[in-house]
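Visitor: Hi, I have a model open and I'd like a quick tour. Can we take it piece by piece?

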Amino acid sequence: MGEISDLLRPSSKVEMRLLSFSALAEVALLAAVCTAIPYEEYILAPATRDLVPERVHHVNGSVSNPSALTNAKGGKTTFHGISSVTYDFGRNIAGIVSLDISRVSSQDAFIGVTFTESSLWINSKACDATADAGLDSPLWFPVGHGAGRYTAEKKHNRGGFRYMTVVSNTSATVAVESVRVHFTAAPTQNLRAYTGYFHCDDELLNRIWYAGAYTNQLCTIDPSMGNALPWLGIISSDDNITLPETVPWWTNYTISNGSSVFTDGAKRDRLIWPGDMSIALESVAVSTYDLYSMRVALETLFSMQQPDGRLPYAGKPFFDVVSYTYHLHSLIGVSHLYRYSGDLDWLAARWNQYKLALQWSLSSIDSTGLANVTASADWLRFGMGGHNIEANAILYFVLQESLLLAKALNDTASSSHWAQIATTLKSSANARLWDPAAGLYRDNETTTLHPQDGNAWSLKSNLTLSATQSSTISTALAARWGPYGAPAPEADATISPFIGGFELHAHFLADQPQRALDLMRLQWGFMLDDPRMTQSTFIEGYSTDGSLHYAPYSNDARISHAHGWATGPTAALTFYAAGLRLLGPAGERWVVAPRPGDLRRVEAGFRTSLGMFEVEIRRGGHGGYTELVFTAPEGTMGDVKIEAEGVLVSRNGTRCKYRPMTSTLYKPHPTDKMKAAQWMGTRTIELGTVAKPTITDPSDAIIHITHCTIGGADLHLYDGELSELLSKGDILGHEAIGIVEEVGGEVRSISAGDRVMILPVIACGNCEFCKRQEFSLCDTTNPSREMESAYGHRVAGMLGYTRLYGGYPGAQAEYVRVPNADLCCVRVPEDMDAKKLLGLAHVTTAAWHGCELADVQPGDIVGVWGCGPVGLSVQRLAMLRGAKKVYAVDKDAARLQIAEGFGMIPVDVGVHTEVGDYILEMEPRGLDCSVEASGFRSTQKPQHAAMRAIGLEHDSSDTVAAMIKATRKGGHLALLGDFFYKTNDFPIGPLMEKGLTVRGGQVNSQKYHPLLLDLVTQGKYDPSWVFTCEDEFENIVEDYRLFSRHEIPGGLKVCLVTEYGRGQ
């Protein structure tokens, strides 16, 4: 038997099969992406948010027909005097309770409700607990007020309960027709629409995987429903609070921004805790892919960062406590979120904070090369401090992750420094903390304790020096197991599902998959099937003797029975038993390396932003593989590692097949015609009649245009620039909105009849640039040999903008074919003003792109060269982003007047011919950032005009030279106006010596439109001002002439309305 390890690069969704030991594996290229997630029957999340109990658990006193309230259609249950019914929802749930009362015999009547996750705390007088002592108070409804619906206040949303006891505490007779719970967990999720799945031939492991996924759903909450912690610092574990006294509780503290956030536990603490980032985030990624809630949690933690870089132990309203390890867990959250989301921009935006936080961690490293920890706070283990093995192993893990992040951001200066620190740390930890007699690491040099956490993390972080050492640790850890799981001696007689989750990873990484599976069955099987627990979610912790006592707490009723840190098996089964792991952002790189132990059949899959990853393995009676099937998205790369004989080839004998580039020209309709603006030569546009486009690729959409416009880029073509890259009859235009007429079979985000905004840059969404949200650099949508010859590479295609950008027919027409419509069309509100949308389609996104390229920050002094629609938009958006001053540079007096009216400082280049010198007189320090929005033809110096005239220069550097001079040392320049070819007399010396950063590129429309559409929808920005007149589309020829002469009424842009648009 050998190992197959081969680099594979799928060009579309790829399926590969290993059929037998000696047979060839075959590769089938599949065109469609799987839309249905299998094994839905295991999903524990409810199908509706309107829940009723499943069954009656217990009745006390006189109650007629108690089971009526388990009927979703309602019934009538009558409570006669003091009595109660405990209802069982069959699983742990969360929500707000409502009672429908039909009859009551006394105005003094009350109905109470108590909640508990565990059957141990069923009580008609109190709920289970959230405080350090005592039991939580019941909710009481004054039903004596009469018939009707009584609903708990939002602040009394109960985050976790399986059992609910309905209590009558007076002599009254009360008829209840309905008891319902509005399920509030995972508020933004479609609860059963999992993006991942797992299945094997062990039903217990299947149930464990899905219970972990559901636990994380319960821990995901509305941010305004956090635990208020009203008794924090008031009630302590030393207090003795006994019935009938109870403790009031509230879940109405806003713990973050956003619409959903991940917290530690469903019942409590309902706060953001960093430890979950190291284990629950990955389980979320392979099940529901709700990375939004994780991102909100991480961003909240980073918003609380101290000036010295320290991150909080927990989110508000918890105390500000120093924790070395939990600080590191937040950093792990950053690397995990990047790995599964692939969001490089998000990472880059937080990189400085990340590095500051890492430096805070590294500042604890002493002369030994190890971190000397002085803060005791951790996961409630005892003895954290000194050269602690857990802290140092986690730090080593973070350093390894940081090296990968630095590589992604090309931060070579940081990575070389961190690599040396990591090398020293690993050597020192093994020299000082390894105990060969025990086969485990000591907690620190001064103790004989061999902790579970530090030893599990030593394997997870690859701190060990050899495979033999790793195997030794795995053996020693397994030898300590008891009947209820793996102990954590650093927390007394405790079993910690949090640290146990890391131990699962440790056994798999030590190449001991059977131990990992055995531990899952032992420990998580106990948690799932024990009748004292919820049998649906996983507990925070318990004792080694199986009692539901967690050593760090004295109040057993307080233990959370749905805790995200207990969900390690969900990710571990996918990553290791099925062998499907991601190595690069969103799965750009992956590995298939199954370690199934005694399992004979395993299937798993999950989706990222790149697409679906799936694997299926089957083994025969002797443990050998009989089948391997795996799929991966287009454009990704990976290794297959499996103990089997054979090779991987496709059905036609090749490893993979490259997908052809997006079609640029459309298939003409055989009979239907349309009107379109066609380029016929320099300063000649005709409104011609051409064939209507039809679906050409399955990712296409045909849009019936309602509104379009003429842009400055169109004028370049009108005036004869790039005429060598145009053909008579080419349809121009890239700014338009319309109604979807038809979509191809692969289009999912829009449908016929939708109103859409068309994004001019055509992107595929799958290449390495699109994955980094650099959509204008897309690798697969522009076949232009001219561009590749001139630039060395091709950038993205663009609608209506010459063969240099693919030769796609444009949008100044009655219809346009939009390729890759899921990325290039944005569904927009039906009632939003058309001019707002048309202004947003390109002008506003281009302007925002300029602000991004120039890194405009609050308080900056900004210069913008050009006062056309885009330049003016840059100026206004810079102010919106908090710029202190904006200088508007142009030679057009009317447009300078518009800029001044918007609050900008006008600079007339006809008056101040040396613009750079003039601005430095006004701002001796210089501009923080400068944005060029005037284009390659802008020139004031006669030598540039002369060189352009005789062909020695195509693009003028006048504007850029002035920007370089006017910008402060270390400042930022953005080139937003079109530049195409070469320039002369470029001030490269000042650029280099002043340490300036220059960035350019076409707009990444797909990246910005969600934010900008929100700004417009919320009324924070109105782009319709760029349209100073409106005209019928049929007059576009004359409008081109007027626009070229700056004679458009109002001086800016014209909104062209098609006949179809006028009829809407």
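Visitor: Is the crossing of H10 and H12 left-handed or right-handed?

Guide: The crossing of H10 and H12 is right-handed. Right-handed means that the near helix is turned clockwise from the far one by less than a right angle, and left-handed that it is turned anticlockwise. Before we go on: this is a predicted model, where local features need pLDDT of at least 70, side-chain atom pairs count only at pLDDT 80 or more, and totals for chains, interfaces and linings use all residues. Residues are numbered from 1 along each chain as its sequence is written, and side-chain values use heavy atoms, with hydrogens and water left out.

Visitor: What do labels like H and E stand for?

Guide: They are DSSP runs, numbered from the N terminus: helices (H or I, at least four residues) and strands (E, at least two).

Visitor: Back to H10 and H12. At what angle do they pack?

Guide: H10 (residues 497-509) and H12 (residues 568-577) pack at about 10 degrees, with their axes 9 Å apart. Axes are lines fitted to C-alpha atoms, for helices over the stretch in contact, and angles run from 0 to 180 degrees between N-to-C directions. H10 is therefore roughly parallel to H12. The cut-offs: under 35 degrees is roughly parallel, over 145 roughly antiparallel, 65 to 115 roughly perpendicular, and the rest oblique.

Visitor: Which residues meet there?

Guide: From H10, Gly501, Leu504, His505, Phe508 and Leu509. From H12, Gly568, Pro569, Ala572, Phe575, Tyr576 and Ala577. Contact means heavy atoms within 4.5 Å. The residues of this contact divide into eight nonpolar, three polar and no charged. Here Ala, Val, Leu, Ile, Met, Phe, Trp, Tyr, Cys and Pro count as nonpolar, Asp, Glu, Lys and Arg as charged, and the others, Gly among them, as polar.

Visitor: Now H6 and H8. How far apart are their axes?

Guide: The axes of H6 (residues 389-408) and H8 (residues 452-460) are 8 Å apart, and the helices pack at about 20 degrees. H6 and H8 are therefore roughly parallel to each other. H6 passes H8 in a left-handed crossing.

Visitor: And what touches what?

Guide: Ile389, Glu390, Ala393, Ile394 and Phe397 in H6 meet Asp453, Gly454, Trp457, Ser458 and Lys460 in H8. The contact of H6 with H8 has five nonpolar, two polar and three charged residues.

Visitor: Sheets next. How do strands pair in general?

Guide: Strands of a sheet pair through backbone hydrogen bonds, either parallel or antiparallel. Two strands count as paired if DSSP finds at least two bridges between them.

Visitor: What is the strand order in the six-strand sheet?

Guide: That open sheet runs E40-E39-E38-E41-E42-E43, with parallel pairing. Its edge strands are E40 (905-908) and E43 (997-1000), and each pairs on one side only. Neighbouring strands are turned by 20 degrees against each other on average, direction ignored.

Visitor: How many bridges link E41 and E42?

Guide: Five bridges, in the parallel sense, between E41 (residues 927-932) and E42 (residues 967-975). Val931 stands opposite Ala974 in E42. Helix H22 (residues 958-966) packs on the sheet, touching E38, E41 and E42. The direction of H22 makes about 150 degrees with that of E42.

Visitor: What about the three-strand sheet? What order is that?

Guide: E29-E28-E31, open, with antiparallel pairing. The edge strands are E29 (684-694) and E31 (730-731). E28 (residues 667-681) and E31 pair over two bridges. Gln678 stands opposite Ile731 in E31.

Visitor: New topic. How many aromatic pairs are there?

Guide: The count comes to 35 aromatic pairs. Rings of Phe, Tyr and Trp (its six-membered ring) pair if their centres lie within 6.5 Å; planes under 30 degrees apart are stacked, over 60 edge-to-face, and the rest tilted. One of the pairs is Trp231 with Trp250, tilted, 6.5 Å centre to centre with 35 degrees between the planes.

Visitor: Last one: which peptide bonds are cis?

Guide: Among them is the bond from Arg268 to Asp269, with omega near 15 degrees. Another is the bond from Lys316 to Pro317, with omega near 10 degrees. Pro317 is in the loop between H3 (291-303) and H4 (324-341).
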